[in-house]
Amino acid sequence: MIKRYDRRAFVLAYLAAQPEYSHGFSDDVCEFNDTLKAYRKRLLKGLESLFGIELTWDGVSDRADGSVLFMLFTSAARKHLELKASGFLEGGLLVKVLERAGQDGPVLASMSRSNELRDRLWESYVDTMELVLGILLGERTDAVFSSDDLRGIGVDDTEPRGW
């Protein structure tokens, strides 16, 4: 499948390559997790090559206001990565306790609102990063690359699947 990589996809690849990013990892399979981490780092490096910018302090320091803009970019990235899901993977017991207390509806509605706000905040940080990256990219801000472009520089963008 041919994928397309615009500025937003570049931001998402940056986030996914960060050590704090845990989405998609397996609780059981360390070898898979290592493979997924390596894939995400390769993808980011490939996109950096295609977009012509390394998303590091040294990589942006030669650009006009690059250090200041990268400070905002990394701040938004940190805030995005700090937001965590509710942590309730199995809520069966919790729901039963809330039902017995007669508060299942209000508590679950409140938790749902919190999750919606978290999701909106996640998107807001990505939006900020995308806009700042657009400034850093300059003339390449609207560039879009494909799986073929990545393969052309030796990067396979086929994401590993769980084992």
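A residue is called buried here when its relative accessible area is under 20%, exposed when that area is over 50%, and partly exposed in between, with a 1.4 Å probe and protein chains only. By that criterion eight of the ten residues of helix α1 are buried, so α1 is largely enclosed by the rest of the structure. The model is predicted, and local features need pLDDT of at least 70, side-chain atom pairs count only at pLDDT 80 or more, while totals for chains, interfaces and linings use all residues. Residues are numbered from 1 along each chain as its sequence is written, and side-chain values use heavy atoms, with hydrogens and water left out.

**Fold and overall dimensions**

- The protein has seven helices and two strands, where helices (H or I, at least four residues) and strands (E, at least two) are DSSP runs numbered from the N terminus.
- Along the sequence these elements follow the pattern β-α-α-α-α-α-α-β-α.
- The radius of gyration of the protein is 19 Å, whereas a compact globule of 163 residues would have a value near 15 Å; the radius is taken over C-alpha atoms, and the globule rule is 2.2 Å times the number of residues to the power 0.38.
- Taken along the principal axes, the box filled by the C-alpha atoms is roughly 60 × 40 × 25 Å.

**Surface, charge and contact range**

- Buried residues account for 34% of the 163 residues in the protein.
- The mean position of the 21 positive charges and that of the 27 negative charges are 2 Å apart; Lys and Arg count as positive and Asp and Glu as negative, while His and the chain ends are not counted, and each charge is placed at NZ of Lys, CZ of Arg, CG of Asp or CD of Glu.
- Of the contacts (heavy atoms within 4.5 Å) between residues at least 6 apart in sequence, 76% join residues at least 24 apart.

- Leaving aside neighbours within four places in sequence, Phe73 is in contact with Val11, Tyr14, Leu55, Met129, Val132 and Leu133.
- Val11 and Tyr14 are also among the buried residues of α1, which are Arg7, Ala9, Phe10, Val11, Ala13, Tyr14, Leu15 and Ala16.
- The cover over the buried residues of α1 includes β1 (4-5), α2, α4 and α6.

- Asp65 is found in the loop between α3 (57-60) and α4, and Asp65 is exposed, with a relative accessible area of 57%.
- Phi of Asp65 is near 60°, a positive value in a residue other than glycine.
- Most residues other than glycine have a negative phi.
- Lys79, in helix α4, is partly exposed, with a relative accessible area of 38%.
- The C-alpha atoms of Lys79 and Ala64 are 24 Å apart in space, although these residues are 15 residues apart in sequence.

- Ser146 lies in strand β2 (residues 145-146) and counts as buried at 11% relative accessibility.
- Not counting residues up to four places away in sequence, Ser146 touches Ile2, Lys3, Arg4 and Tyr5.
- Val155 lies in the segment after α7 (147-152) and counts as buried at 11% relative accessibility.
- With residues up to four places away in sequence not counted, Val155 touches Arg42, Leu43, Gly46 and Leu150.
- The C-alpha atoms of Val155 and Leu47 are separated by 9.2 Å, although the two residues are 108 residues apart along the chain.
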